[in-house]
Amino acid sequence: MRRTPLPTLIGLVVAAAFFLTALLAPLIAPYGMSEIVGDVWEPASAAHWLGTDNIGRDLLSRLIFGGRTTIFVALVATAVAFAVGAAFGLFAAVVGGWVDLLLSRFVDLVMSIPSLIFALVVLSVMPVTTPVLIMVIGLLESTRMYRLSRAVAVDLAVMDFVEAARLRGEGLRWVIVREILPNALSPLIAEMGMRFIFVVLFISTLSFLGIGIQPPNADWGGIVKENKDGIVYGIPAALLPAVAIAALAISVNLVADWILERTTSLKGGRNG
Amino acid sequence: MDEMLLEIEDLKIQATSYPPGERPQRITIVDGVSLRLEKGKVIGLIGESGAGKSTIGLSAMGYGRGGVKLVGGSIRLNGQELRRAPSRVLRGVRGSQVTYVAQSAAAGFNPSRKLIEQVIEATLEHGRMSRPEAIERAIDLFRRLDLPDSETFGQRYPHQVSGGQLQRAMTAMALCPKPDLVVFDEPTTALDVTTQLGVLSAIKRAIRDFEVAAIYITHDLAVVAQIADDIMVLRGGEMVEYGTCDQIINNPREQYTRDLVSATNGEDPEIHPEGEPVLTIRNVCARYRGLAEDVVKDINLEVPPGTTLAVVGESGSGKSTLARVITGLLPPHTGEVIFDGSTLSPALKGRSKQDLQELQMIYQMADVAMNPRQTVGTIIGRPLEFYFGHKGKERRLRVIELLDKIELGEEFIDRYPAELSGGQKQRVCIARALAASPKLIICDEVTSALDPLVAKGILKLLRDLQKREGVSYIFITHDIAAVREVADTIAVLYQGELVRYGGKAEVLAPPYDDYTELLLRSVPEMRIGWLEDTLSALEAHLPCQAPEGAAPEMSATD
C-alpha cells in the first residue's frame, strides 16, 4: 500500500486523541464534571490548566466530559443515520419502481425543510432527552445517507453479478447484504466520516441554542453557551470548546477525505 | 517380445513446491508407475490434468521439468538406464533415440527460422544423416503427413502455416532422426476438431509406416483409442489401470476407468439430438415497456438435449432479448417457453428453485458478472450452498472439483476476480453455472470480449464440458467462426425475426437468404483484397435478391 499522506496522519492522530480522551474521561479529568472548585472565570493556573468557568468549575474537566458527551451522541446518531439511510437507500435501489419513487420523494420532502428548523420544531414538542436527541439527529441525517447509498446502489443493481444472483433465485436480503453492500461500502464509509462531523456541528448548535444536551451535563456547544458572556470581559473560556469542535471536525475530515480519495474508482459522489 | 524398447519400473517422481509463506515442501507427483513398451507399439497415457501424464512422458527421456526430480525406480531405454545417467549420455539419447512432440507447436518453433532448418536440426546435431539426406527425409515426412507443397513447405516460417500444419511439422521434426521412441504430449489438444482429425490420422500413419514406438499423452480417451495399443489410466500420479486398448475401452475393470469411458462415450454427437427437447420456445413475442414494436417477433425454437443452439445476429437483432425472455427477466406478451417438458412461468418470480437451478447463464463481460468483493470460492460455492445445501468442507471439495473441470487449480479458490485474467474470469463464470448442475446454459456472447486464443480455449472448454456433462447450450453470438466450432443447430435472427433456422450444415450452406449471406460474408479473411472483393460481391447481390444457385462459395475460415 502507498504511504499515508501527512495530513491524513495528523488527522488520524488528533482524532484518535479525541476519541481516547472521550473514552477515558473519568480517568483523565482532574476534577468532577459539575464539581465547583474555584472562583468564577479564574485564569489558567497550575491547579486549573485552562482556568474555571462561569460558576467556578474546572474548564479542562468540563471540556473532557463535554467531549465525551458530544462524541458519544454524534457517534450513535451517525450510526442511526447510516443504518436507516443505507438500509432504505439500498432497498429502494434494488426494489425500484413505485417503492423507490415513494421513498425518494418522501426523503426529498424532509430534505426540503432546513434540518435545524425541523429539529427545533420537533424538540420543542418532545422531551429533550439524550435518546430523543440521538433519534432526531440520526433520522434527519439519514436522508443524506439515503441519497448517497441509493445513488451508488442504482449503479450496482444493474450489474451482471446482481442479475446473476437474481437469476439464481436469491432473496432480497442476500442481494442487498451480500452483493451490493460490500461494493457500496467504501463511499458509504467515507460519507459516514462526513456525516459524523455534521452531526457534531448539529448537536453543538442545538446545545448552544439550549435545546440540546441539558445542564448540568456538559457538551461543547453547551459550554460555549454557558461562557459566552465572558467574551465581553476578555475571558477566553467560550472559545476553547469552539476550538475543540473545529479541531475534531478538521481531523475527522482529513481522514474521511483520504478514505474517499482511495475509493474514487468506485462510483458515488457526495452530497450534503 | 524379447526386444523391450522401454521399461519403466516403480518410477517415483517428486517436485519441490514453494507455498507462499511456508518452507518449501517435497511433494510426490508420480508414485510406483511401471510400464513396458515394445518396438513399434503405442502406449496411451490418459488422465486428468495433474495426473502426472506429462511427467511420466518426459521421464522416458530422462528429463524432469524445473524442480522435478526422478527419485526412485528405473527407466531403461534399449537396456540403458536413464535415471541418474550423466547428462552427456542423456544428450546423446534425447533428440536421436527419443524425441518429443509438445502440446503447443506454436511455442515450440523458433519464429525467426525456416521450418526445414528446425526440422532437421536435431538430426544433423546428432550426426544421424548428412544434410541432403535429412532434407530429403524431411520432405518425405512432409508428404506423408499431408502437408501442402511438401517440396517447398520447409521454406516457410512458422507464422506462415496454420496451427494444424505446425503440429504436423513438429511431428516431422520428431520423426526425422529415425528415433526409436516418440513422446507425443497432447499434440492435438490445442487444435480444433476438424484439424485434430487430420493431425491424428497423419500421426497414426507415420507411426505405422516408420514402426516407431510412441508414448501418446492425452486427456481425451476417444483420441487415444484411435491410436494406442496399450492404455495406462493415471490419476493423481498413480496408476489406476493398465491394459490393452481393447480391454480398457470395452471391458474396464476400475470404476474410474468406467467413468472415463462412459463420459467419453456420451460425447458422440449422433446420440443426442433424439429425445425430448430441453427447451422449446413457441410463438414468443416480447417487447420492452414503452416500445411500440416487438423486439423479438414470433420466435419458434428447440434445443435438443446435449446440443448447442447458436443464435446469431448483429447487435440489435434481439438475441439478448431472447435470452432475457428465456431467463424470465422479460416476460413475453405472447407465446410460451417450455423447459424440460413443462411450461415455465413467464416471469422470474413465478419460477421454482429447480427451474432456476437447471437454467443457468454465462455473461459476455466476466468482469462485471462476478462480485468483485467475493472470492472465487464464494462465487462458485454459493450455488452449491443455495441449491444443494453444501456447506463447509463438502462445499470446498466440490468447488475444487469444479475448478479442476475448468482447468484451474485449487490455488484459485481464495483469489478475488481482480486477480484473474480475462480467460480465467470467464472460466470461473462457467464453473459458477456448472455448480448448479444445469440442464441448459445460456451463453451470451461469452467469447466476444476475449482475445482469439483465449476465446478458443473457452469454446473448447465449453465443448468438452458438454461432452462430459451432457449439458445443452444456447450460444448467443455474432461471431460466425465461433458458431462453426460449437453449434449443432443455428438460428439466425434479423431485426427480431427468425430468418433462418436448422442444422449447422444446412444453415451454413448455400443458397442463403440475403441476411445470412451478409453475415457469412462479413467474417474477415486473412487475405489482402478481401474487403474489396467482399464489398463488390455484396453490391452485386444485395440488397437485391440473391439469385438461386448463384450464391458465392463460403469463405474458408478456421
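At what angle do the axes of helix α8 and helix α9 of chain A cross? I looked this up first. The model is predicted: local features need pLDDT of at least 70, side-chain atom pairs count only at pLDDT 80 or more, and totals for chains, interfaces and linings use all residues. Residues are numbered from 1 along each chain as written, chains are lettered from A and ligands numbered from 1 in written order, and side-chain values use heavy atoms, without hydrogens and water.

**Entry: helix pair**

The axes of α8 (residues 172–208) and α9 (residues 220–227) of chain A cross at roughly 35° and come within 7 Å. Axes are lines fitted to C-alpha atoms, for helices over the stretch in contact, with angles from 0 to 180 degrees between N-to-C directions. Helices (H or I, at least four residues) and strands (E, at least two) are DSSP runs, numbered from the N terminus. I noted the crossing of α8(A) and α9(A) as right-handed (near helix turned clockwise from the far one by less than a right angle). From α8(A), Ser204(A), Ser207(A) and Phe208(A) make the contact; from α9(A), Gly221(A), Gly222(A), Val224(A) and Lys225(A) do. Contact means heavy atoms within 4.5 Å. By class, I found two nonpolar, four polar and one charged residues in this contact. Here Ala, Val, Leu, Ile, Met, Phe, Trp, Tyr, Cys and Pro count as nonpolar, Asp, Glu, Lys and Arg as charged, and the others, Gly among them, as polar.

**Entry: cavities**

I searched the whole structure and found four cavities of 30 Å³ or more. On a 1 Å grid over the protein atoms alone, a cavity is a set of points where a 1.4 Å probe fits but cannot get out; a pocket is an open set with protein on both sides within 12 Å along at least five of seven lines; lining residues have an atom within 4 Å of a point. A volume is the space filled by probe spheres set on the points, which are joined across faces, edges and corners.

The largest cavity has about 170 Å³. Of its 15 lining residues, Leu167(A), Arg168(A), Leu359(B), Gln360(B) and Met361(B) lie nearest the centre. At least two lining residues each come from α7 (160–168) of chain A and from α13 (353–358), β16 (359–362) and α17 (422–435) of chain B. I listed nine nonpolar, two polar and four charged residues in this lining.

The second largest cavity holds about 40 Å³. Its lining includes Phe161(A), Arg168(A), Met370(B) and Arg432(B). Two or more lining residues come from α7 of chain A and from α15 (376–388) of chain B. α15(B) gives the most, three residues.

**Entry: second largest pocket**

I read about 910 Å³ for the second largest pocket. Of its 23 lining residues, Val94(A), Val95(A), Arg166(A), Leu329(B) and Lys349(B) lie nearest the centre. α3 (59–95), α6 (130–157) and α8 of chain A give two or more residues each. α3(A) has the largest share, three residues. The lining divides into 13 nonpolar, five polar and five charged residues.
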